[in-house]
Amino acid sequence: MIRQQKTFRAIEVGDGGDGRWAVQAPALAQAAEGWVSKEGRTPEGAAGARELFERHMPELVPVLDRLTGQLDSPRGETLLTFAALRPFFSSCTQAGAAGVLVRNYDFRPDECEGTLVSSCFLRPVIGMQELGWGLLDGMNDAGLAVSLTFGGRFVHGPGFSVLLVLRYLLETCTTVDEALGRLRSVPVAIPQNVTLVDPGRAVTVFVGPDIPPTVAPDACAANHQHLPVAEGHERATRTQERLAAVRTAGPDVAAMLRPPLYQLAYDEGLGTVYTADYRPTEGRVTCHWPGESWTQSFADFVPGTRTVTLGRGA
């Protein structure tokens with residue numbers, strides 16, 4: 001593994017209507033060409049994505065329209081519905097406890113946006129953004145935090161990318177119980193493990209196109225949902241090994257920055273790009289890398305950039 005540098009940025013976008021969000025529009029218009037599925041490129045597919053969004057996320061329709069109006073792309077709206085995207089598969093490990101959520105995001109560094117965003121579409125939210133307003137993880141001002149890992153099964157069905165589902169949960173829910181209720185009614189396109197934390201509770205729930213939302217035995221997750229795990233899947237991802245390690249350590253940043261939880265297989269898309277430590281009851285998140293950290297909060301969010309070296313042992 002050759003060490004490489006990656007620049008992360010922190011941005012504020014407000015409610016998406018004052019021009020700050022629009023700075024991202026050119027990149028999003030380009031992303032739409034690669035991320036919108038073949039079906040989503042048809043008039044029927046685009047209309048279906050819009051209808052699915054209106055049915056399952058009605059609270060966010062005004063925000064969708066506000067953002068779409070700033071994209072000069074025929075597929076901009078379809079992209080932002082997250083209901084007609086080609087699937088993507090990552091690694092990742094996460095663990096929660098009451099008031100604490102810690103996660104490693106493992107992916108190809110050059111394909112991770114690396115944008116920590118503070119927004120107020122429906123309420124204050126801070127999270128690690130992908131594709132304009134999707135989230136890999138995040139928290140809201142009510143003390144709820146959420147994070148995702150890939151569920152390990154390569155199936156795909158009608159529904160949303162979980163990136164926007166996390167955004168929806170943070171915009172409309174204040175507790176784990178509320179978020180679990182929402183998850184029961186929102187279709188998710190590929191298997192994902194979602195960890196949810198509030199001041200008094202932490203759970204992981206398995207979701208996907210072929211299973212009902214299923215609460216996991218604890219608030220930890222790697223990259224499988226059900227046993228047994230195929231030998232090839234374990235060899236490639238070490239998902240059972242990582243789950244055992246994070247169950248032993250709990251939501252501990254120091255453990256996340258060491259093998260086997262901290263991974264260096266960047267060329268295979270399985271290297272750790274960042275470690276996030278959410279303290280939603282304090283309104284604070286700290287992103288960690290070996291030897292470096294960056295803290296942002298609702299009370300003190302400072303836009304800027306941070307260039308870090310990946311592939312360096314802890």
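A salt bridge here is a side-chain nitrogen of Lys or Arg within 4 Å of a carboxyl oxygen of Asp or Glu. With that in hand, let's walk through the structure, bearing in mind that this is a predicted model.

**Salt bridges**

Side chains of opposite charge can pair when their charged atoms come close. Across the whole structure, a search finds 20 salt bridges. One of them to look at on your screen pairs Asp 137 with Arg 103, where the closest N and O atoms are 2.6 Å apart. Asp 137 belongs to strand β6 and Arg 103 to strand β3 (residues 100–106), so this pair ties together parts that lie 34 residues apart in sequence.

**The nine-stranded sheet**

Strand β6 also takes part in an open sheet of nine strands. Reading across the sheet, the order is β10-β9-β8-β7-β6-β5-β4-β1-β16, and the pairing is mixed. At the edges stand β10 (211–215) and β16 (304–310); each has a single partner strand, so one side of each is left without a neighbour in the sheet. From one strand to the next, the twist averages 20 degrees.

Strands of a sheet pair through backbone hydrogen bonds, either parallel or antiparallel. Within this sheet, β6 (residues 134–140) and β7 (residues 145–150) run antiparallel and are joined by three bridges.

Strands β14 (residues 284–289) and β15 (residues 292–297) pair in the antiparallel sense over six bridges. Together they form a hairpin with two residues between them. In the turn, Gly 291 has a positive phi of about 85 degrees. Arg 284, for its part, stands opposite Ser 297 in β15.

Rolling a probe the size of a water molecule over the atoms shows where empty space is left.

| Pocket | Volume | Lining residues | Classes in the lining |
|---|---|---|---|
| Largest | About 390 Å³ | 28 residues | 15 nonpolar, nine polar, four charged |

Nearest the centre of the largest pocket lie Ala 83, Ala 84, Leu 85, Pro 158 and Gly 159. Helices α2 (43–56) and α5 (162–172) each supply at least two residues of its lining. The largest share, six residues, comes from α2.

**Backbone details worth a look**

Where are the cis peptide bonds described here? One joins Leu 227 and Pro 228, with omega about 0 degrees. Pro 228 is found in the loop between β11 (220–221) and α7 (231–237). Another runs from Pro 259 to Pro 260, with omega near 5 degrees. Pro 260 has its place in the loop between α9 (253–256) and β12 (264–265).

How values were computed:
Residues are numbered from 1 along each chain as its sequence is written. This is a predicted model: local features need pLDDT of at least 70, side-chain atom pairs count only at pLDDT 80 or more; totals for chains, interfaces and linings use all residues. Side-chain values use heavy atoms; hydrogens and water are left out. On a 1 Å grid over the protein atoms alone, a cavity is a set of points where a 1.4 Å probe fits but cannot get out, and a pocket is an open set with protein on both sides within 12 Å along at least five of seven lines; lining residues have an atom within 4 Å of a point. Grid points are joined across faces, edges and corners, and a volume is the space filled by probe spheres set on the points. Helices (H or I, at least four residues) and strands (E, at least two) are DSSP runs, numbered from the N terminus. Ala, Val, Leu, Ile, Met, Phe, Trp, Tyr, Cys and Pro count as nonpolar, Asp, Glu, Lys and Arg as charged, and the others, Gly among them, as polar. Two strands pair if DSSP finds at least two bridges between them. Axes are lines fitted to C-alpha atoms, for helices over the stretch in contact, and angles run from 0 to 180 degrees between N-to-C directions.
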